[in-house]
Each structure stands twice: as structure tokens, then as C-alpha cells.
Amino acid sequence: MSLVFAGIMSHGPGMTARADRADPAVREPFYAALGRLRGALEQSRPDALIVIAAEHFANFFMNNMPAYAIGMADEYEGPIEDPEWLRIPRRTIPGASDLSRRIIEKVMEKVDVAYAEEWKFDHGIMVPLNFLTPRFDLPVIPANINCQGPPLTPLTRAYEFGRAIRAACDAVPERVALVGTGGISHWPATPNSGKINVEWDREFLERWTRNDRDALTSYTDAETLRDAGQGGFEIRTLTAVAGACEGHQGDVWFCEPIPIFATSGFVAVMDVGSAAEAKAA
């Protein structure tokens, strides 16, 4: 069929683990925006959901760190973290191994991608699913971009990864939704945890909504580390979604700093256009 939906959102574990400690004046509008995102996702009637996330050394380690990986299993388990801490019960999440394989084969025509038949979801996927598919009944295809262990894939390649995913989605008969999730500026697990560069976040999202490829891919890792922390490297997942929607623009539904979540809470969507437009791009 085609790619039928594309959006991005934050995935900080504090969104569930420390929800009661967040300022309700900001938390509730953020949750409302997430509810709106869930409604838009459901309205697109997807057969499966691809979640592009930054995996936090839960499955991939420095002894073998793929730049890109896509899951190819019938089911997954999560969260890998303590469920009482994350406040998301551990469960089995349906996969879509046959669809995954067909998407992987198509992506491989443009991007070298690893695949995994075993994958335990950490908060990077479980927190978004908690808000977007709270029944955990929509088949999920996890995709990982290494945002943790340098050397990191260039942002230009992350954009191309998104373009390759779009081509793969448009080549299958199923309806596929896409969500990219990560942080913008944040300094997790450091003395600066809770620090947020709001201006940097909003500038990035402005570039994202314009789908300005040159602007999105112009950040150097040194600049990102300086201005957005090591967590800012996760803009790769969001940039990939822009690549999947090349030629189209987006809209930010929410972006406000929530220090107890250690990142800005953000929600945005992008027009996916049509399969014919994607092939012509």
C-alpha cells in the first residue's frame, strides 16, 4: 500500500516513571498532544507500526554496534528495564516477521541494515507504545539507529535511511505507520540531567517541519554535543522520519521543556504525501 502516517515524539523514561512529579500545567497538555497523536495514528488504520528509536545499550553493545538495525520477529518483549520503575508492565508485543523481512530486503537496496530476530524493547520503544498503542495490539517493527556509541552514522545517512524505509513501505501491500522517537537536547545520566536547551530544540523542530534536508543534516556531532548534550545525538531518529517524508512538511503539536522528564516533551507530525509522489521524488 504505502506509508500512511508519520510522526515524532519524545521517549524519556520519566514520562511514565516520574509522571507524578511533573508540573501538571505542562504535563497535561503534553499528554493531550500524545493522545491527539494516538488518534491520528489510529485514524490512518495501519497494519503495522515502524518505530525508529535510539536503543540504549539494551541489545546492541560496543562489541558489535550496527549503524542501523530492523527487527524481524513474530513477537518482542518489553520493557527490559524494571517494570515497576518504568511503570509499564512487562509484556509481549506482536511483531510482523514476514512484513519486516520484505521491508528489510527493500531497505538493503539502498542502505546496509542489520536485522535481529530477538529484541527486547527498552523505554525508547515501550514509552511511545504506552501512549500510542496502550493495548499493545498493533504489530510493531522496531528500527534502531546507533545514537549512543561513536563513531555515529552521519545525519545525511540517517536521512537516506528514512528515504529507504519510505521506498520499502511503498513497495508492500500493507498500510504502514512510522514514528520516530528520541530526545532533542538532553544530558541523560550526567550531572546535567534535567538541563534542556529550549531554543535549540525549537530551532531543530522548525527545520524538521520545513523538511529542510540541508539544514537538518548540517549539525556536526561536536556542535550537537556542545549545545544539546550527548542525548542530542538522537536527532538521527527524527531526521530519518523527515527523510521518509521528503518533499513534504510537518506541524509541531507540542514542545515544552519538562525537566523532570530530562528532555522537552514534543509531538509533531509530517504529511506523508502519496506513493506516486514518493517515487517521483
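User: Helices are DSSP runs (H or I) of at least four residues, numbered from the N terminus. In which helix does threonine 237 lie?

Analyst: The model is a predicted one, and its protein chain has eleven helices and ten strands. Among these helices is one that covers residues 235-244, named H10. Threonine 237 is placed in that element, helix H10.

User: Is threonine 237 buried or exposed?

Analyst: A residue counts as buried when its relative accessible area is under 20%. For threonine 237 the relative accessibility is 0%, so this residue falls in the class called buried.

User: Which residues does threonine 237 touch, if residues up to four places away in sequence are not counted?

Analyst: Contact is a matter of heavy atoms within 4.5 Å, and threonine 237 is part of helix H10. With residues up to four places away in sequence left out, the residues that threonine 237 touches are Ile52, Ala53, Ala54, Ile145, Cys147, Gly180, Thr181 and Gly182.

User: How many residues of helix H10 are buried?

Analyst: Threonine 237, at 0% relative accessibility, is buried, and the list of buried residues in H10 also includes Ile235, Arg236, Leu238 and Ala244. Helix H10 is described as mostly covered, and of its ten residues the number that are buried is ten.

User: What is the relative accessibility of glycine 232, in the loop between helix H9 (221-228) and H10?

Analyst: Glycine 232 lies in the loop that joins helix H9 to H10, and this residue touches Ile184, His186 and Thr224 when residues up to four places away in sequence are not counted. Its C-alpha atom is 13 Å from that of glycine 194, a residue 38 positions apart in sequence. Glycine 232 counts as buried, with a relative accessibility of 0%.

User: Which residues are closest to the centre of the largest pocket?

Analyst: The largest pocket has a volume of about 390 Å³, and its lining divides into eight nonpolar, twelve polar and three charged residues. Among the 23 lining residues, those closest to the centre of this pocket are Pro13, His56, His123, His186 and Pro188.

User: What is the volume of the largest cavity?

Analyst: The count of cavities of 30 Å³ or more comes to one. The lining of the largest cavity includes Ala53, Ala54, Trp119 and Ile125, and by class this lining has six nonpolar, one polar and three charged residues. The volume of the largest cavity is about 40 Å³.

User: Is asparagine 211 buried or exposed?

Analyst: Asparagine 211 also has a positive phi, near 50 degrees, in a residue other than glycine, and it lies in the loop between helix H7 (198-210) and helix H8 (213-216). Its relative accessibility is 9%, and since the limit is under 20%, asparagine 211 counts as buried.

User: How far apart are the C-alpha atoms of aspartate 137 and alanine 48?

Analyst: Aspartate 137 is in the loop between helix H5 (123-132) and E7, where it is partly exposed, with a relative accessible area of 47%. Along the chain, aspartate 137 and alanine 48 are 89 residues apart, while the separation of their C-alpha atoms is 9.8 Å.

User: What percentage of the residues in the protein chain is buried?

Analyst: The protein chain exposes about 11200 Å², and carbon and sulfur atoms supply 50% of that area. Of its 281 residues, the share that is buried is 58%.

How values were computed. Residues are numbered from 1 along each chain as its sequence is written. This is a predicted model: local features need pLDDT of at least 70, side-chain atom pairs count only at pLDDT 80 or more; totals for chains, interfaces and linings use all residues. Side-chain values use heavy atoms; hydrogens and water are left out. On a 1 Å grid over the protein atoms alone, a cavity is a set of points where a 1.4 Å probe fits but cannot get out, and a pocket is an open set with protein on both sides within 12 Å along at least five of seven lines; lining residues have an atom within 4 Å of a point. Grid points are joined across faces, edges and corners, and a volume is the space filled by probe spheres set on the points. Ala, Val, Leu, Ile, Met, Phe, Trp, Tyr, Cys and Pro count as nonpolar, Asp, Glu, Lys and Arg as charged, and the others, Gly among them, as polar. Helices (H or I, at least four residues) and strands (E, at least two) are DSSP runs, numbered from the N terminus. Buried means under 20% relative accessible area, exposed over 50%, partly exposed in between (1.4 Å probe, protein chains only). Accessible areas come from the Shrake-Rupley method with a 1.4 Å probe; for residues, only the protein chains shown count as cover.
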